[in-house]
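The following note sets out points for discussion on the model shown here. Please read the points alongside the coordinates.

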Amino acid sequence: DEAVQIYTEQYWNKVKADELPECLRCVVFDMAVNHGPLNAGKILQRALNQANDGSGSDALKVDGKVGPITVAEAQKKVRALGAKPVLKLVVDERKEFYEDIIENDETQEKWRKGWMNRANWFMENAHRLIPPEENAPKPDDAPVKKPAHKKIAATKIPGSAKA
């Protein structure tokens with residue numbers, strides 16, 4: 001009970017995980033536990049800034065504070081681009097975070113494989129992390145079909161008066 005309370009208050013709530021798109025909740029929570037909530041927020045914000053949804057919106061301030069603006073931007077990016085591409089951007093940004101640690105302290109190289117496995121797990125398990133509604137095609141993405149009725153009406157049916 002104490003561990004649940006600590007993880008909930010110190011990590012899950014600090015990164016507003018309940019408010020994030022479902023596809024990002026686990027990875028952002030894991031980053032909060034592994035890197036601290038502030039670094040998790042920065043990784044998320046940098047990843048969202050990398051997501052080009054064509055909106056031309058201003059880039060998020062990378063301050064690590066996951067607040068209503070970051071949450072809204074995450075929701076908007078998932079709606080515009082889809083869950084898996086946004087999840088991939090977060091995972092890739094996390095890998096960059098690990099690479100920066102190693103670049104700044106070569107003694108950390110011994111952890112690279114484990115860190116990369118940890119980051120890659122989220123993409124390997126995306127099918128379990130992304131709910132169907134976040135993967136559903138958006139109405140604008142629906143294929144446009146030509147009405148079939150004109151083609152059907154023009155078709156001659158053997159044995160009919162129109163044949």
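1. Read along the sequence, the protein follows the pattern α-α-α-α-α-α-α-α-α. It has nine helices and zero strands; these are DSSP runs numbered from the N terminus, helices being H or I of at least four residues and strands E of at least two.

2. This is a predicted model, in which local features need pLDDT of at least 70 and side-chain atom pairs pLDDT 80 or more, while totals for chains, interfaces and linings use all residues. Residues are numbered from 1 along each chain as its sequence is written, and side-chain values use heavy atoms, with hydrogens and water left out.

3. Eight salt bridges are found in the whole structure (a side-chain nitrogen of Lys or Arg within 4 Å of a carboxyl oxygen of Asp or Glu). Asp-30, Arg-94 and Arg-118 form a network of them. Arg-94 and Asp-30 meet at 2.7 Å, N to O; Arg-94 lies in helix H5 and Asp-30 in helix H2, 64 residues apart.

4. The closest N and O atoms of Arg-118 and Asp-30 are also 2.7 Å apart, and this pair joins helix H6 to helix H2 across 88 residues. Arg-94 is buried at 1% relative accessible area and Asp-30 at 15%, whereas Arg-118 is partly exposed at 32% (buried is under 20%, exposed over 50%, partly exposed in between; 1.4 Å probe, protein chains only).

5. Within helix H4, Lys-77 and Glu-73 are four residues apart, so about one helical turn separates them. Their side chains form a salt bridge of 3.2 Å, N to O, and both residues are buried.
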